[in-house]
Amino acid sequence: MKITITAATGQLGEFVTREAIKTFGKEKLRLAVRNPEKAKEYTEQGIEVVEADYMKPETLNRAFKDTELLIYIPSISHPSIVRVPEAENVIGAAEKMKVGHFIFASFFCDQEDSPFHMSPFFGYTTRRLACSKLKYTVLKNAMYADPLIPYLPELQEMGKLIYPVPHGKISFISREESARAIVKVASDPYFYGKTYILTQDRNYTMYELAEILTGAGNKKIEFKPVSVEEFGKMYDEPEGFGAILASLYEAAEKNLLGMVTDDYREIMGYKADDLETVIKKRIE
């Protein structure tokens, strides 16, 4: 029986794979990826790598064969309607191949009143799991802290943080810490069958975020929000992505991205690093 990880070469998947190797060992793992050529590093380590294209159910059936535990990390495709068939194919294959337990790495902005354009996918997937025959666990990530590091030079050049969130707060988690929690849950049936929201111990206004980024880069960054429409136009590459990104911050302004939980501490036994620590670690 295998522990199968999808999207193992992706941004979150790489962190999950590293943690899984340490926890389960190479022999128990199967990495299900769209392009096995990109996973040569793992093949050379003796880890099983198989093709798994979310839009080709036959590849998923093969990838999920004899899977004791499946960690499903969604693709980054958009819009939401494109990703919904992906979830249907993954869950259908997991049912067909009688996967023992299904872990869904989700996102916390999935509320029914969320303007975030990808929330229908996250909402659909959890509801689809609920009406499936699978035993499952859901881990919802807060906003990833990691993208702030490569974004910092652009912010320093502008001298301002322009997120259209003048009043809302945002909670964060790093991909590394998310991966630790996902693998810890995967390794211990005590955590199965529940839904967790992975956050740091506090959330941040954009004024506070600007201060943290100023300190991290030793260059003044002020919070000067633009409109949702202007933000979408500025970051509309690839085409259509700007509106999706802008809708995320629209949700933040509605205080839908500010929730804080003790779930990470419950799983790991210690709190997640705060945002300032995460950013400074990455920069150093």
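Mentor: Two strands count as paired if DSSP finds at least two bridges between them. Helices (H or I, at least four residues) and strands (E, at least two) are DSSP runs, numbered from the N terminus. The model is predicted, with local features needing pLDDT of at least 70 and side-chain atom pairs counting only at pLDDT 80 or more, while totals for chains, interfaces and linings use all residues. Residues are numbered from 1 along each chain as its sequence is written, and side-chain values use heavy atoms, with hydrogens and water left out.

I begin with the pairing of strands β4 and β5. These run parallel and are joined by four bridges. Tyr72 has Phe104 of β5 as its bridge partner. On the other pairing of β4, with β1, the strands again run parallel, and four bridges hold the pair; here Ile5 stands opposite Ile71 of β4. How enclosed is β4 by the rest of the structure? It is largely enclosed, because five of its six residues are buried, where buried means under 20% relative accessible area, exposed over 50%, and partly exposed in between (1.4 Å probe, protein chains only).

His101 belongs to strand β5. Its relative accessible area is 6%, so His101 is buried. Leaving aside neighbours within four places in sequence, His101 is in contact (heavy atoms within 4.5 Å) with Glu68, Leu69, Leu70, Lys135, Tyr136, Thr137, Tyr192 and Gly193. Glu86 lies 15 residues from His101 along the chain, and the C-alpha atoms of the two are separated by 18 Å.

These strands belong to an open sheet of seven, in the order β3-β2-β1-β4-β5-β6-β10, with parallel pairing. Its edge strands are β3 (48-51) and β10 (195-198), each of which pairs on one side only. On average, neighbouring strands of this sheet are turned by 20° against each other, direction ignored; axes are lines fitted to C-alpha atoms, for helices over the stretch in contact, and angles run from 0 to 180 degrees between N-to-C directions. Strand β1 (residues 2-6) pairs with strand β2 (residues 29-33) in the parallel sense through four bridges, and the partner of Thr6 in β2 is Ala32. Helix α1 packs on this sheet, touching β1, β2, β4 (67-72), β5 (101-107) and β6 (136-141), with its direction at about 170° to that of β2. Helix α4 (residues 80-96) also packs on the sheet, where it touches β4 and β5, and its direction makes about 170° with that of β4.

Helix α1 has a further partner in α7. The axes of α1 (residues 11-24) and α7 (residues 175-187) come within 8 Å and cross at roughly 45°. The two helices are therefore oblique to each other, given that angles under 35 degrees count as roughly parallel, over 145 as roughly antiparallel, 65 to 115 as roughly perpendicular and the rest as oblique. Their crossing is right-handed, that is, the near helix is turned clockwise from the far one by less than a right angle, anticlockwise being left-handed. From α1, the contact draws on Gln11, Leu12, Phe15, Val16, Glu19, Ala20, Thr23 and Phe24, and from α7 on Arg175, Glu176, Ser178, Ala179, Arg180, Ile182, Val183, Ala186 and Ser187. By class, these residues are nine nonpolar, four polar and four charged, where Ala, Val, Leu, Ile, Met, Phe, Trp, Tyr, Cys and Pro count as nonpolar, Asp, Glu, Lys and Arg as charged, and the others, Gly among them, as polar.

Strand β7 (residues 143-144) and β9 run parallel and are joined by two bridges, with Met143 partnered by Phe172 of β9. The pairing of β9 with strand β11 (residues 203-205) is antiparallel, over three bridges. Within it, Lys169 has Thr205 of β11 as its bridge partner, and Ile170 stands opposite Tyr204 of β11. Strand β9 (residues 169-173) is itself mostly covered, with four of its five residues buried.
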